[in-house]
Amino acid sequence: MSKSKAQKTKPTTKRGEKPLPSAAAEAFLEACTKALRKSGARVTQPRIAVIRCLASSETPLSARDVFERIQGDKNAPSVDQVSVYRILDTLCELELLHQVFPSGGYLPCLHQECSSKLHVLIRCSECEFIEELDVPQETLAPMIWYLKDERGFYPDEHMFQLNGLCSKCKKRSA
């Protein structure tokens, strides 16, 4: 199968399966440019290249991966590695990216209303499948209450990650 035919297959939004669908990738690009402008930051070609690189990836990418992919793209602007790190930091500060652990790779936030809702990133520790879940606030409220009132801890992140086994890996290990 030719590369152009392979790229025309319909992608899903679940992490680890396929890149973001073009509509979701464009929505992510639009959300990023809007957030950058609102924050007073410039929308530069290197920033657009990093955003597009992340939106087109099947898996979370490290800063080095982003840099190498952009360097390998003949149509991408010239971006140095330090700029990639700075761009990733900016996008994380604007809550447009999530950093996945333990790899430290970055992936786009699929929930653009992310700053006002809590959600969970689930990661299969066997096959590295990743999915971002929007969890109703009332589901997480008891945990947030416990952390604040019983432990004196005030979370400042709007997302947390759970590692475990996906259903496919669980079946294989049984």
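**Helix packing and a buried arginine in a predicted model**

The protein's secondary structure amounts to seven helices and five strands (DSSP runs numbered from the N terminus: helices are H or I with at least four residues, strands are E with at least two). This is a predicted model, in which local features need pLDDT of at least 70 and side-chain atom pairs count only at pLDDT 80 or more, while totals for chains, interfaces and linings use all residues. Residues are numbered from 1 along each chain as its sequence is written, and side-chain values use heavy atoms, with hydrogens and water left out.

User: Happy to dig in! What percentage of the 174 residues of the protein count as buried?

Analyst: Buried means under 20% relative accessible area, exposed over 50%, and partly exposed in between, with a 1.4 Å probe and protein chains only. Of the 174 residues, the share that counts as buried is 35%.

User: Is Arg123 buried or exposed?

Analyst: Arg123 sits in strand β3, residues 119-124. Its contacts (heavy atoms within 4.5 Å) beyond four places in sequence include Val100, Phe101, Glu128, Phe129 and Gln161. Because its relative accessibility is 8%, Arg123 counts as buried.

User: How many of the eleven residues of α3 are buried?

Analyst: Good one to check against the model. The buried set includes Arg47, Ile48, Val50 and Leu54, and the buried residues pack against α2 (22-39), α4 (63-72), α5, β1 (97-99) and β2 (106-108). Helix α3 is largely enclosed by the rest of the structure, because the number of its residues that are buried is eight.

User: At roughly what angle do the axes of α3 and α5 cross?

Analyst: Axes are lines fitted to C-alpha atoms, for helices over the stretch in contact, and angles run from 0 to 180 degrees between N-to-C directions. The axes of α3 (residues 45-55) and α5 (residues 81-93) come within 10 Å, and they cross at roughly 70°.

User: And which residues of α5 make the contact with α3?

Analyst: On the α3 side, the contact uses Pro46, Arg47, Val50, Ile51 and Leu54. The residues of α5 are Val84, Ile87, Leu88, Thr90 and Leu91.

User: Where does α6 bend?

Analyst: Helix α6 (residues 137-150) has 14 residues and reaches 19 Å from first to last C-alpha, close to the 20 Å expected at 1.5 Å a residue (1.5 Å times one less than the number of residues). The bend is the angle between axes fitted to the seven residues ending at a residue and the seven starting there. In α6 that angle is about 25°, at Met143.
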